[in-house]
Amino acid sequence: MLEQLLIFTRGGLILWTCNELGNALKGSPIDTLIRSCLLEERSGAASYNYDAPGAAYTLKWTFHNELNLVFVAVYQKIFHLLYVDDLLAMVKREFSEVYDSKKMVYNDFDEKFRQLRKEAEARVEDMKKSNQAAKPVSNNNLSKKQGKVQKIGLTGGDNKKSSSDSGSDGGDGEKSKVRKSENGNGLANGNRDGYGKSTAKGSTNGKENESSNNGAFDVNKLQKLRAQGSKKTNAVVTKVPKAEPKKKITKKNRVWDEAPVESKLDFTDPVNGDENIVVVAANEGESMMDKEEILSSDSDSDDSEDEDKEDGKTDKKPETKKKGWFSSMFQSIAGKTNLEKEDLEPALKALKDKLMTKNVAEEIAEKLCESVAASLEGKKLGSFTRISSTVQAAMEEALVRILTPRRSIDILRDVHAAKEQGKPYVVVFVGVNGVGKSTNLAKVAYWLQQHNINVMMAACDTFRSGAVEQLRTHARRLQIPIFEKGYEKDPAIVAKEAIQEASRNGSDVVLVDTAGRMQDNEPLMRALSKLVYINSPDLVLFVGEALVGNDAVDQLSKFNQKLADLSPSPNPRLIDGILLTKFDTIDDKVGAALSMVYISGSPVMFVGCGQSYTDLKKLNVKSIIKALLK
């Protein structure tokens, strides 16, 4: 049953709720819908399912973009109410007629809503009755057709027999197949020999005999064909000579040089002790995290001119086909009444293709375009404005909302807050294989060192060969303590002991390195979930490549899903932030940042853009949007 229907503005002002329903909603489904769908540019979806302890609702909505109104219907998830879509459309139509921007209360709309609800329910009932009435009719028709077919099959012999005078004696042939005598010779209306050749009484022609012979089963012919086939195959086999087996080529044994092995293979150690380490660390300079990225205004103007030219080309082509010069000029001056979905489709398709060429996942690009279409449909096009420029402006606003963090990502402030509480700030780096977790962990450590923060590394990648040695080399160069227990140890226990050690020696931050794992590897994902559950880190950073395309959706969604499913906690920890690596290799293909933020809802906190310790910076939202829409 319908639980609630309410109307509110995009600014959040509730104009009308159904007093007749009066059902108190459990939890906060409306707030969750606004936070998870409407603000996240997922409004193009058909519905939203809200699940909370003791509550399971389905929410459907529609917009009146010209009046900036939102209409939301809430009903129990177990019910499939067919009239909700029609009811929302009717309420939208009727309420838009009585809407006044200065009016705040609409108590007189209750009676109108009652009538609209009865009308919508009556339509659904009529539809059900018509469907039920149509089903037995179709069954009767089928039974009648089957009866006709049976009658035709029974009376077929008599009809053919009556037409035997005209030369089509097919009735006897049919009966000769069905009727059989007790002696097994198959006599019917005459004599029949053992080979299936019948001699029926009356006039018979050659065609009938051919059809009866083809229908009978001739054993002798089958045996002859088998004999002929075996002869042919034998003849063919005898002609083919047998291939001689090839001799196996034996590989010669390799002779290894028996020279003595070098006593020292680790060439990463400094020659002159700690002095060389200090010089290396000092030469790195200031991290890019503390530098502001400046966008050139010249490139912006050039890009806007290029976009205007492209928009002019795309807009002029369809208009010249459908409309004349005067009508298009008048429409550009006066403005179009309301934008329709058909008007937006060409511009949205071009925008979707542009996003996909920038490495945005296809699923994300499609959902974004659906959300933009839902926000623009029904709006009035202003004077001297083109549809493509309107769509691009709406997409730009949507991208700003998605990429702008909704919470504080100031790690330095969080580190000082944890220090005041007397505990270390723990960061866990997770991700798939080969994305650069250990390298970017060292970059984050270097940046924290620049702000006089005591950092300790925890080598919890006990799976990959050389992982501990790699982290040990970074710790040696940066003069940072490292906690390690070697290989084939439980990473959750290693991380726990590292945090305890950091509390004892006064370290402010613990950076936990973990093994790379694919999102479908359940044993490793279970180990990661255990590590996060036991140690309760302050920040779980997902390290992902900027080169990834459609796989970004699969990686992040499955990482979050596995962390939730495999955790014994009722409130499992998910991914808190994203670190994008190899950002210097993609040019303007920056779509991975958008795909990852959209699918996880977590902000991009760091961007790796080089090989040195200083090549770590913040995500510049304006530059990303500029590259996506360029």
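Select helices α18 (residues 551-565) and α19 (residues 591-600), whose axes come within 9 Å and cross at roughly 30°; axes here are lines fitted to C-alpha atoms, for helices over the stretch in contact, and angles run from 0 to 180 degrees between N-to-C directions. The two helices are therefore roughly parallel to each other, given that angles under 35 degrees count as roughly parallel, over 145 as roughly antiparallel, 65 to 115 as roughly perpendicular and the rest as oblique. The model is predicted, so that local features need pLDDT of at least 70 and side-chain atom pairs count only at pLDDT 80 or more, while totals for chains, interfaces and linings use all residues. Residues are numbered from 1 along each chain as its sequence is written, and side-chain values use heavy atoms, with hydrogens and water left out. Helices (H or I, at least four residues) and strands (E, at least two) are DSSP runs, numbered from the N terminus.

Stay on this pair and show side chains: A552, V553, L556, S557 and N560 in α18 meet S595, M596, I599 and S600 in α19, where contact means heavy atoms within 4.5 Å. By class, this contact of α18 with α19 has five nonpolar, four polar and no charged residues; Ala, Val, Leu, Ile, Met, Phe, Trp, Tyr, Cys and Pro count as nonpolar, Asp, Glu, Lys and Arg as charged, and the others, Gly among them, as polar.

Next, select the strands of the open sheet with the order β10-β9-β11-β8-β12-β13-β14-β15, eight strands in which the pairing is mixed; two strands pair if DSSP finds at least two bridges between them. At the edges stand β10 (482-484) and β15 (616-617), each with a single partner strand, so one side of each is left without a neighbour in the sheet. Within the sheet, β13 (residues 577-581) and β14 (residues 604-608) run parallel and are joined by three bridges, and I578 can be picked out opposite V604 in β14.

Now colour residues 603-616, where UniProt, in an unreviewed entry, places the feature "domain: SRP54-type proteins GTP-binding". UniProt positions are given in the numbering used here, feature names are shortened, and annotations may be inferred rather than shown by experiment. Over residues 603-616 the chain is 0% helix and 43% strand, with the end C-alpha atoms 16 Å apart.

Move to α12 (residues 387-403) and α20 (residues 621-628), whose axes come within 10 Å and cross at roughly 140°; α12 and α20 are therefore oblique to each other. Their contact is made by E396, L399, V400 and L403 of α12 and V621, I624, I625 and L628 of α20, and these residues divide into seven nonpolar, no polar and one charged.

For another helix pair, select α10 (residues 341-357) and α11 (residues 362-376), with axes that come within 9 Å and cross at roughly 150°, and which are therefore roughly antiparallel to each other. Among the residues making the contact are L344, L348 and L355 of α10 and L368, V372 and L376 of α11.

Finish at the open sheet of five strands, ordered β2-β1-β5-β4-β3 with antiparallel pairing, in which the edge strands β2 (14-17) and β3 (48-52) each pair on one side only. Strand β1 (residues 2-9) pairs with β2 over three bridges in the antiparallel sense, and L6 stands opposite T17 in β2.
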